[in-house]
Amino acid sequence: MSVRELVVLGTASQVPTRHRNHNGYLLRWDGEGILFDPGEGTQRQMLRAGVAAHDLNRICVTHFHGDHCLGLAGVIQRINLDRVPHEITAHYPRSGQRFFDRLRYATAYRETVGITEAPVAADGTLARTGGYTLQARMLSHPVESYGYRIVEPDGRRMLPERLAAHGIKGPDVGRIQREGELGGVSLDDVSETRRGQRFAFVMDTRLCEGVYALAEGCDLLVIESTFLDDDEELAVEHGHLTAGQAARVARDGGVRHLVLTHFSQRYTDPDEFERQARAAGYEGELTVAHDLLRVPVPKRR
């Protein structure tokens, strides 16, 4: 059975706290695992969450500030220690190649697994698989930063009443799906488009075109909300979003489930992030993330 869920490994911005680890997010997408922004302590958080190195297929780093990448060294070494048998691909801003190299080879270890490096240098498609397309869009932060978006190809939803009306049943249902036509009946006559699911991961950034493009039409949007709205000027200065700004992006983009994360340690009441997101007009499903939380991707529309 396919599983599509977000496993939250850490939710703190800049520095970890007693209750929040540095960033770290694993997206389980059917049989693949995509690790986003492994900050310091991610390897241990993976153990606590029941995530193994064998679960990883891709690592996506938005930018090279420490709270988003310092865990790379431990995660990569664990991949090698556990002798993961399949290919693992790493995406990260090409401008930060020297940081990736330093983290990958931070200490001596036996390299048994080849990590495929696929740095990002511009907006566009990074990979196509049978289950999804991985895209990147540049964000607005003091260092080069990219957000990531996963788009499932559209499929077909068979309509039982139309199949029955045309007398199509049993093995013939599979046949018309494969061949597109059966006895003068087209696939369009007995089915409709099933929209593919969409996921986006947006970290450190001011409001910009990339934020809106990544969020558009998402079933699940994971987005930073480092600051509360009273500190919007501070957010803009440091290249971040507020809870209200993140919520308005989700509202305008038709996001079904919004996950707020990457919280400044200056705030002690996480419920205020939800209150401000609701005040901004977002009416969909809303989660204020905490460490080791699991968030399912919403069922297809």
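**Strands, core, rings and sulfurs**

Author: Three bridges connect S1 with strand S18 (residues 294-296), and the two run antiparallel; two strands count as paired if DSSP finds at least two bridges between them. The model is predicted, and for that reason local features need pLDDT of at least 70 and side-chain atom pairs count only at pLDDT 80 or more, whereas totals for chains, interfaces and linings use all residues. Residues are numbered from 1 along each chain as its sequence is written, and side-chain values use heavy atoms, with hydrogens and water left out. Helices (H or I, at least four residues) and strands (E, at least two) are DSSP runs, numbered from the N terminus.

S1 is mostly covered, since seven of its seven residues are buried, where buried means under 20% relative accessible area, exposed over 50% and partly exposed in between (1.4 Å probe, protein chains only). Valine 7 belongs to this strand, which spans residues 4-10. With a relative accessible area of 1%, valine 7 is buried. Leaving aside residues up to four places away in sequence, valine 7 touches Gly24, Tyr25, Leu26, Arg28, Ala49, Val51, Leu293 and Arg294; a contact requires heavy atoms within 4.5 Å. Methionine 46 is 39 residues from valine 7 in sequence, and the two are 9.2 Å apart from C-alpha to C-alpha.

The account now turns to the nonpolar interior. In soluble globular proteins, nonpolar side chains tend to be buried together. A nonpolar core is a set of buried Ala, Val, Leu, Ile, Met, Phe, Trp, Tyr and Cys residues joined through side-chain atoms within 4.5 Å. The largest one here has 30 residues, and Leu221, Ile223, Leu258, Leu260 and Phe273 have the most contacts inside it. Two or more residues each come from strand S14 (198-202), helix H7 (209-215), strand S15 (220-224), helix H9 (243-253), strand S16 (257-261), helix H10 (271-279) and strand S17 (285-288). H9 gives the largest share of this core, five residues. Apart from this core lies another, of 26 residues, including Leu134, Tyr146, Ile150 and Val222.

H9 is mostly covered, with eight of its eleven residues buried: Ala243, Gly244, Gln245, Ala246, Ala247, Val249, Ala250 and Gly253. These buried residues pack against H7, S15, helix H8 (232-238), S16 and H10.

The aromatic side chains come next. A pair of aromatic rings is described by the distance of the centres and the angle of the planes. Rings of Phe, Tyr and Trp (its six-membered ring) pair if their centres lie within 6.5 Å; planes under 30 degrees apart are stacked, over 60 edge-to-face, and the rest tilted. The structure holds nine such pairs. In one of them, phenylalanine 36 and phenylalanine 199 have ring centres 5.7 Å apart and planes at 40 degrees, so the pair is tilted. Because phenylalanine 36 lies in strand S3 (residues 32-36) and phenylalanine 199 in S14, the pair ties together parts 163 residues apart in sequence. Both phenylalanine 36 and phenylalanine 199 are buried. The pair of phenylalanine 263 and phenylalanine 273 is tilted because the centres are 4.6 Å apart and the planes at 55 degrees. Phenylalanine 263 lies in the loop between S16 and H10 and phenylalanine 273 in H10, so this pair ties together parts ten residues apart in sequence. Phenylalanine 263 is buried, at 4% relative accessible area, and phenylalanine 273 is buried at 2%. One aromatic cluster is formed by Tyr25, Phe36, Tyr148, Phe199 and Phe201.

The cysteines remain. The structure holds zero disulfides, a disulfide being a pair of cysteine sulfur atoms within 2.5 Å. For cysteine 69, the nearest cysteine sulfur, that of cysteine 60, is 14 Å away. Cysteine 69 counts as buried at 4% relative accessibility. For cysteine 208, the nearest cysteine sulfur is that of cysteine 218, 14 Å away. Cysteine 208 is buried as well, at 17% relative accessibility.
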